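Have a look at the picture first, and then we'll go through it piece by piece.

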Amino acid sequence: MVKFSKQLEAQLIPEWKDAFVNYWQLKKNVKKIKLSRNRVSIDIQEEDEYGFSILDPIRFIAKNLSNRFRNGSQKSKILQVTSINRGEGDEENIYQTELAQLFSEEDEVKEFFWRLDEELNKVNQFYKTKEREFMERGEILNKQLQILLDLKQVLNDHHRRNLQSKSDSGTPTRSSSGRSSDYSEGMTELDETQSEASTTDDVIAAFERNGVNVISAAMRTKAKKGKPKTAVRIDIPATTPTRTITAITSMLWEDLVNNPKKEGPGDFINRKKIQCAEKMIRGAFVELYKGLGLLKTYRSLNMLAFTKILKKFDKVANQQASEEYLKVVKRSHFVSSDKVVRLSDEVESIFTKHFVNNDRKKAMKFLRPQQQKDSHMITFLVGLFTGCFVTLFSVYAFLAHLLGMFSSKTDAGGYVETIYPVFSTFALLSLHLFLYGCNIFMWKNTRINYNFIFEFSPSTALKYRDLFLICTSLMTAVVGAMVVHLLLRSNGFSPTQVDAIPGILLLFFIGVLICPFNIFYRSTRYYFIRVIRNIVCSPLYKVLMVDFFMADQLTSQIPLLRHMESTACYLLAGSFKTHQYQTCHSSKTYRELAYVISFLPYYWRAMQCARRWFDEGDVNHLANLGKYVSAMVAAGARLTFVMQPTLLWKVMVIATSSIATIYQLYWDFVKDWGFLNPNSKNPWLRDELILKNKSIYYVSIVINLVLRLAWVETVMHFNLGSVEYRRLLDFFLASLEIIRRGHWNFYRLENEHLNNVGKFRAVKTVPLPFRETDSDD
């Protein structure tokens, strides 16, 4: 049977951990009582060793009768719990326990109940705070929903009136002078003007019915001296390129001309914006329902914790105090209040009625998404593909040694030029996927809520077994293709045909990535494509956590991008037919593309920082942008030094790379990991650590420092004697950078998770569309 402490640890809400009953501390208090009782019993036994009295049986019977009488008739007098009002209303009541019966371990028992009262008051206060927060959010959402429904009705009525006016107008009879046509056009313009005025009045009435004061454009033009107080608009976040460009051009127009355009119903009310507003409100209801569910879980787990710890106390103290104290717990606010349950039922009914056309089954898919169940088949396939990969790689190494690769150095060089870019591309990608799977495994074991941080859907989020399956199957296919390619080349098949195998393999995997059928993790594949689109189109898309996290991964995959460049050139230039490999190495276009590819990941990440600064106004994002600009400069200097190994460029490489490395290390340790705090209770770390062994953090700091200095090899430029060994060293260094990034990922998300825990943030805050703003803004 699983101990309750482990059950509680597994089921509690990680972001609210500090607000739960400290069951482990209460267990320590109970253990103190038990140790004190053991000491008393030992002392009594030592006193009994002096002799035996004929009156001892009578004393024993009298003592048992006394205990039974006390436990039976005076059960309610063991303790007394009082509720003290702080003078701020019923919500500020605190509980305090007084012992009505003396215990042999009086100090330890008093400490236990003092701690118990403290935990009960803490739970009550947190529950009241969160309940009040969710109730207020529910009221705001109801108001937003009512505005949405009224505006939809206004638009529908306006559309119906337009259709009716068009049908009633008909085709006028044309006179010889043409006056009938002019009269008809004038009447049409008049009808449109009246229709717009009517729509404006309806929109204003819709807002005012929901308690929102609206100042229309017409009223604003009349009231030049008396400025209106507020205006209302639909505030749609600029999450797409179209909205971003519109927002920027509007802002620039207002800044340059200093004449904000007048707001009429057409500026802030249209069908597309209504659809966006409906989507935002629907997402807000989903998050509210999720928060209410977490609060219900919080209540049930804490109630169970109080019950378990009081039973432990009764067993150790040989008393019946749990019944009396549990009555108080059940009367406390976090147990007796039913506001959360009622609001949860109300959200279910509202969501079912207004967002899914009374389809409750569909509503539950939104409100209660089911998590994926672990499948033993995935574990089996991971083992199968791992065995296949090891076997095929062993066969490949054996055949390469047996066949002596090729008879001439030219053939061997051509073979390396054909195979190396494709193999290294998939090998580096698989290594990154494997390390990400290890990250997920560690995040899950340490209770880091990565799904909430990345805003992943629990029904489609990948687990570590899924990632292990992807990388093992990927490498099995790649090594299998290498074995086939080697066998065909060694058996005399035409190189023109055989050397197309790596390109076919690459095209096959691209086809799998964009495959529209619901196979091979389609939702994850399409989500990945959307994230890459957001990164490439930076800063036009709003930056989410998953976007800049993925962009950081790309900054560590520049060698992979360079290998993809080589493979694309190899296929597009037809080198697999002509075997003229210098086309993809010595051409001016290839060298220029090398700069572009080396800069792009840093550029994308810098543009994300600029967008976040634009959205949030935090200067730290500009400082982060400077870090990526320094990395771009250092990457350009190193690339130029490789092509022009002069003393000047060597000095430039040392200077720019040193500055960039210091900048990056500071940001890694201080900003991303939250380390190097001299005032921390954990020297030079942070106050809160998830891993129990502190030495792991210090080792990680050293590893990150050493791997950040891998650019020194560019300056040293070791002479390895052959191109193949040089490529092997480059592949090794690229692998070390990916290992560093996988290592960085864990502590980056640990720090983000602890920030959420510090703010008790377990539910995403969704922006709402309808808000009041100053009319002059």
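## The big picture

Of the chain's 777 residues, 41% count as buried, where buried means under 20% relative accessible area, exposed over 50%, and partly exposed in between (1.4 Å probe, protein chains only). What you're looking at is a predicted model, in which local features need pLDDT of at least 70 and side-chain atom pairs count only at pLDDT 80 or more, while totals for chains, interfaces and linings use all residues. Residues are numbered from 1 along each chain as its sequence is written, and side-chain values use heavy atoms, with hydrogens and water left out.

The secondary structure comes to 30 helices and four strands. Helices (H or I, at least four residues) and strands (E, at least two) are DSSP runs, numbered from the N terminus. As for contacts (heavy atoms within 4.5 Å), take those in the chain with a separation of 6 or more: residues 24 or more positions apart account for 76% of them.

## Helix H17

H17 covers residues 464-490 and has 27 residues. How far apart are its end C-alpha atoms? They are 39 Å apart, which agrees with the 39 Å it should span at 1.5 Å a residue; the expected span is 1.5 Å times one less than the number of residues.

H17 is largely enclosed by the rest of the structure, because 19 of its 27 residues are buried. After H17 comes Gly-492, with a positive phi near 90°.

## Two helices side by side

Now find H25 (residues 588-616) and H26 (residues 619-643), which pack at an angle of about 175° with their axes 8 Å apart. Axes here are lines fitted to C-alpha atoms, for helices over the stretch in contact, and angles run from 0 to 180 degrees between N-to-C directions. H25 and H26 are therefore roughly antiparallel to each other (angles under 35 degrees count as roughly parallel, over 145 as roughly antiparallel, 65 to 115 as roughly perpendicular and the rest as oblique).

## A buried glutamate

Glu-348 sits in helix H12 (residues 339-354). Is Glu-348 buried or exposed? With a relative accessible area of 8%, Glu-348 is buried. Leaving out residues up to four places away in sequence, Glu-348 touches Tyr-289, Arg-360, Met-364, Leu-367 and Arg-368.

## Cysteines

How many disulfides are there? With a disulfide taken as a pair of cysteine sulfur atoms within 2.5 Å, the count is zero. Cys-438, for one, has its nearest cysteine sulfur, that of Cys-471, 8.4 Å away. Cys-438 is partly exposed, at 26% relative accessibility, and Cys-537 is partly exposed at 28%.
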